[in-house]
Amino acid sequence: MNILLTGGAGYIGSHTALSLIDQGHRVTIIDNLVSGDKNLVPNKATFYENDIADIKFVQKVLKENKFDLVMHFAGLVKVEESIKFPEKYNLYNVEKAKIFFQNCFDSGLNKVIFSSTAAIYGKAKSNTKVKETDDLKPSNPYALTKLKIEEFLINLSFKKKVSCII
């Protein structure tokens, strides 16, 4: 498989990229390095240091490659920072992600794996398991941004035959 992975210079994205490469997949990473570290990018991955909301750049990458799916790990992740700067988190985690996804969908890349967070369910009581059917109560601006993208993808999955796993 040929996989486009955003946020591949972050902890989860880089480990996912390593695992995919070990399984024989081709991986292309886009990361602006705002919260990532270039040293985490696997050597065997194709790496672009760029913003996912750069429409022309992403269109070029999409046109030059036939990706089978996109895995989205890009975004800001510090809960305390999200409380201090909720607008910044909304810009990076929601608005830029929407631009990126729309670009993918317009180019025919309509299979998405999105890394969300259990924090969309709020604070769990100790010794309680969280279920996907539980009420959604984002406990901070970071969690709210993840929920907004979940809702965006789910709505598009009904309208445009976008296939997503969250």
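Biologist: How do the residues lining the largest pocket divide by class?
Modeller: The lining of the largest pocket has 13 nonpolar, eleven polar and four charged residues. Nonpolar is Ala, Val, Leu, Ile, Met, Phe, Trp, Tyr, Cys and Pro, charged is Asp, Glu, Lys and Arg, and the others, Gly among them, are polar.

Biologist: Good, and what is this model?
Modeller: A predicted one: local features need pLDDT of at least 70 and side-chain atom pairs pLDDT 80 or more, while totals for chains, interfaces and linings use all residues. Residues are numbered from 1 along each chain as its sequence is written, and side-chain values use heavy atoms, without hydrogens and water.

Biologist: What volume does the largest pocket have?
Modeller: About 430 Å³. It has 28 lining residues, and Ser35, Phe73, Ala74, Gly75 and Val77 are the closest to its centre. On a 1 Å grid over the protein atoms alone, a pocket is an open set of points with protein on both sides within 12 Å along at least five of seven lines, a cavity is a set where a 1.4 Å probe fits but cannot get out, and lining residues have an atom within 4 Å of a point.

Biologist: Which helices and strands supply at least two residues each to that pocket lining?
Modeller: Helix H1 (11–22), strand S2 (26–31), H4 and H5 each do. Those are DSSP runs (helices H or I, at least four residues; strands E, at least two).

Biologist: How many cavities of 30 Å³ or more are there?
Modeller: The count comes to one, and the largest cavity has a volume of about 50 Å³. Here a volume is the space filled by probe spheres set on the grid points.

Biologist: What lines the largest cavity?
Modeller: His72, Phe73, Ala74, Gly75, Leu76, Val77, Asn93, Phe114, Thr145, Lys146 and Ile149. H5 gives the largest share of that lining, three residues. By class, the cavity lining has six nonpolar, four polar and one charged residues.

Biologist: Switching to helices: at what angle do H4 and H5 cross?
Modeller: Roughly 20 degrees, with the axes of H4 (residues 86–106) and H5 (residues 141–159) coming within 9 Å. Axes are fitted to C-alpha atoms over the stretch in contact, and angles run from 0 to 180 degrees between N-to-C directions.

Biologist: Which residues meet there?
Modeller: Among them are Tyr89, Asn93, Ala97 and Phe101 in H4, and Tyr142, Thr145, Ile149 and Phe152 in H5. Contact means heavy atoms within 4.5 Å. The residues of the contact of H4 with H5 are twelve nonpolar, four polar and two charged.

Biologist: And how do H2 and H4 pack?
Modeller: H2 (residues 55–64) and H4 pack at about 35 degrees, with their axes 10 Å apart. Ile55, Val58, Gln59 and Leu62 of H2 touch Ile99, Phe100, Asn103 and Cys104 of H4. That contact of H2 with H4 has six nonpolar, two polar and no charged residues.

Biologist: Last one: where is Leu33?
Modeller: Leu33 is in the loop between S2 and strand S3 (46–49). Its phi is near 65 degrees, a positive value in a residue other than glycine.
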